[in-house]
Amino acid sequence: METQLNQAAPDIMHVDLNACFAMTEQQANPLLRGRPVGVTNRAGSDWSTIIAPSYEAKRLGVRCGTRVGDAKRMAPGIVIIETDPPKYRYVHGVMKAIFQEYAPRVTMKSIDEGVLDFRGTTDIRGSRTLEDIGYEIKDRVKEELGEWMTVNVGIGTNWFLAKLAASLNKPDGLNTINHANIEGIYLCSKLTDLNGINVKFRNRLLTWGITNPYEFLQASERTLTKQVFRSINGRHWYLRLRGYEVDDLEFGMRHVGKQYVLHHRTAEPEELAQVLYKLCYWISRRLHKYNRVARGLELTIRYAYPNHQGHQDQDVPPGPTKWHLTHCSPATFSHVSEVYERALWLFQQSPPGLTVTQFNLTTYQLQNRRDEQLPLLQTDIQRDQRIERALQAVNDRYGELTLTPARLLGAEDYVPDKIAFGSVRYLLK
Amino acid sequence: MPIEDIFEPVSVIASFRRSPRGSVIVRPEIMNWRNRHYRIDKMGLRFPTTKGARMIHRFTFVVNDTTFELEFDAEILTWELLRMSDGNPT
C-alpha cells in the first residue's frame with residue numbers, strides 16, 4: 001500500500017549559519033566583509049585546503065576542499081585565514097543558547113547547525129507561527145553575534161525536509177516545506193541537493209532511472225528497498241522523502257580520535273614519533289574528559305608521492321599513498337603512555353622511509369571508565385596514573401602542554417587545537 | 001601588513017552596559033598603545049576563551065583602516081594587544 005505525503009503541520013526547524021567559519025572571521029574583522037575569504041587549517045601552505053570559503057569566494061568558484069594555491073588563482077586577492085577555534089566555539093555556544101530559548105528539544109548537528117523540535121508546543125506558541133519564530137531567531141543571531149552574521153532557516157515535518165528547506169535560499173533564507181509544495185520543490189531540485197545523496201548514491205539512482213528528486217519520490221518502496229538500496233535504507237528514504245521522521249536518532253560516542261596534517265612533511269622516524277606522541281596526548285585528554293577508556297586503536301597514515309614536495313612527476317610511479325592498521329587488545333587503555341605505546345607499535349608496522357603527510361589516530365571499543373578491568377600483572381599502573389593526574393592538573397591550571405615529557409623537547413611540529421566538521425563531540429571545553 | 005603580531009601590554013578604557021535581555025556588554029572604547037590613543041570606530045567580535053584555568057576575553061575592532069585584536073585576562077585584569085591587520089591578503 002502506498003504511503004501518502006505527511007500531512008501534519010511542519011514543526012521541525014533547521015537553522016544553519018552561512019559559511020560559518022568565514023562569516024565569523026568577517027564578523028570579527030570588518031575589513032574583510034564583502035571580500036573573498038578562505039579559512040584553512042594551515043595558512044602557510046598552498047597545498048592545504050580551504051575548509052570554509054566566504055560567499056564572495058564561492059561566487060568565484062572556491063569550494064570546501066579547494067587547495068589554497070588554486071583558490072588564489074580562482075579568486076585573486078582572496079584573504080587566507082587560519083582557523084581560530086575559540087571564535088567558532090563561542091558562536092556555536094551562542095547559537096545553541098538562543099535555540100534553547102525557543103524549543104524544548106534542540107539537537108546541534110554540527111558546529112554551525114542545529115535542529116529545533118517544536119512538536120507538542122502548539123498551545124504554548126499561541127498565534128505565533130514557526131515562521132515568526134524563525135525570523136526572530138535571525139534577529140537574535142545578529143543582535144548577539146553581530147550584524148554580519150546571517151542564518152538560513154528551514155521548516156518541515158522532519159529533519160530531512162527542514163534541512164532541505166534551509167538550503168533553498170542561501171544566504172539568509174527562510175522557507176517551509178509541507179505536503180502542498182513538496183512536489184514542486186523536488187521538481188526544481190537536483191538529487192545531490194538532498195542531504196545524504198552524494199555522487200555515489202546519485203549514480204546508483206541514475207542506474208535505476210531515477211534522475212531527479214521528484215522521480216525519487218515517485219519510486220515505490222519495493223523498488224527502493226529491493227532494487228536501489230537493497231536494504232532498510234530504501235524504506236528510510238521512502239518515508240524520509242514523504243516527510244516522515246526517520247533521522248531523529250542520537251548515537252553515543254563510539255570513537256575518539258585526532259587527525260593531523262604535518263606542516264613539515266618528513267620521513268624521519270624520530271620527528272614522526274614526536275608528532276604521534278602529541279596526538280596520543282590529545283586523545284588521552286579527550287578520553288579522560290569524557291571518562292572513557294578504549295580497547296582498540298587505528299592508525300592511518302597518508303604519504304606524499306615518492307618524489308613529492310607538492311608535485312607529481314609523471315615519470316615516477318606513485319608509491320602507496322595511504323596505509324592503515326588497527327589493533328584491539330583485551331586490556332583497556334586511556335593514559336598517554338598506554339596510547340603512545342600502542343600507537344608506536346602500529347607505526348613501526350608501517351612501510352619505512354616514506355614521507356608522511358598526515359596521521360589519523362582513532363581509539364574505538366570505548367567503555368566507561370568505571371567499567372575498566374584492571375590488569376592483574378601490571379603493578380606500576382597506579383603510579384603511572386598518579387603521575388598523569390598530576391601532569392593533567394598542572395596543564396588544566398596553566399594551559400595545555402605546559403608540562404610535557406622530555407621526549408618532546410625540541411619538537412617543532414606543534415599539533416594545534418582544531419575544530420572538526422560534522423561533530424560537536426569535542427566542542428565543550 | 002596583512003597580519004602583524006604585537007603581543008604588547010596596552011591601556012584601555014572600556015564601557016560596561018546591560019543589554020535589554022540582561023547580559024553585560026563590554027566594549028573597549030579607547031586604547032593607548034605606545035603613547036598614542038586609538039578611539040575604536042567599530043566593534044568586530046568579543047569571544048571568551050581560556051588559558052589553562054584563566055578566563056580570557058578577546059575583542060576585535062577597527063580603528064581607521066586597521067583591525068586590532070585585544071585580549072583581556074579576567075584573572076589578572078590586564079589588557080594585551082595581540083595583533084593588527086589591514087585585511088589584505090598575505
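What distance separates the centres of domain 1 of chain A and domain 3 of chain A, taken over C-alpha atoms? Please then describe helix H13 of chain A closely.

Author: This is a predicted model, in which local features need pLDDT of at least 70 and side-chain atom pairs count only at pLDDT 80 or more, while totals for chains, interfaces and linings use all residues. Residues are numbered from 1 along each chain as its sequence is written, and chains are lettered from A and ligands numbered from 1 in the order in which they are written.

The centres of domain 1 and domain 3 of chain A, taken over C-alpha atoms, are separated by 33 Å. The domain assignment of chain A, automatic or from a database, places domain 1 at 9–174, domain 2 at 181–250 and domain 3 at 255–408.

Helices (H or I, at least four residues) and strands (E, at least two) are DSSP runs, numbered from the N terminus. Helix H13 of chain A covers residues 269–289; its 21 residues should span 30 Å at 1.5 Å a residue, and its end C-alpha atoms are 30 Å apart, which agrees. The expected span is 1.5 Å times one less than the number of residues.

Among the buried residues of H13(A) are Val275(A), Leu276(A), Tyr277(A), Trp282(A), Ile283(A) and Leu287(A); buried denotes 20 or more other C-beta atoms within 10 Å of a residue's own, with C-beta atoms placed from the backbone. The buried residues of H13(A) pack against strands E9 (255–266), E10 (292–303) and E12 (356–364) and helix H14 (336–348) of chain A, contact requiring C-beta atoms, placed from the backbone, within 7 Å. Asn291(A), with a positive phi near 55°, follows H13(A).

Technical notes
Buried ≥ 20, exposed ≤ 12 C-beta atoms within 10 Å, placed from the backbone. Contact = placed C-beta atoms within 7 Å.
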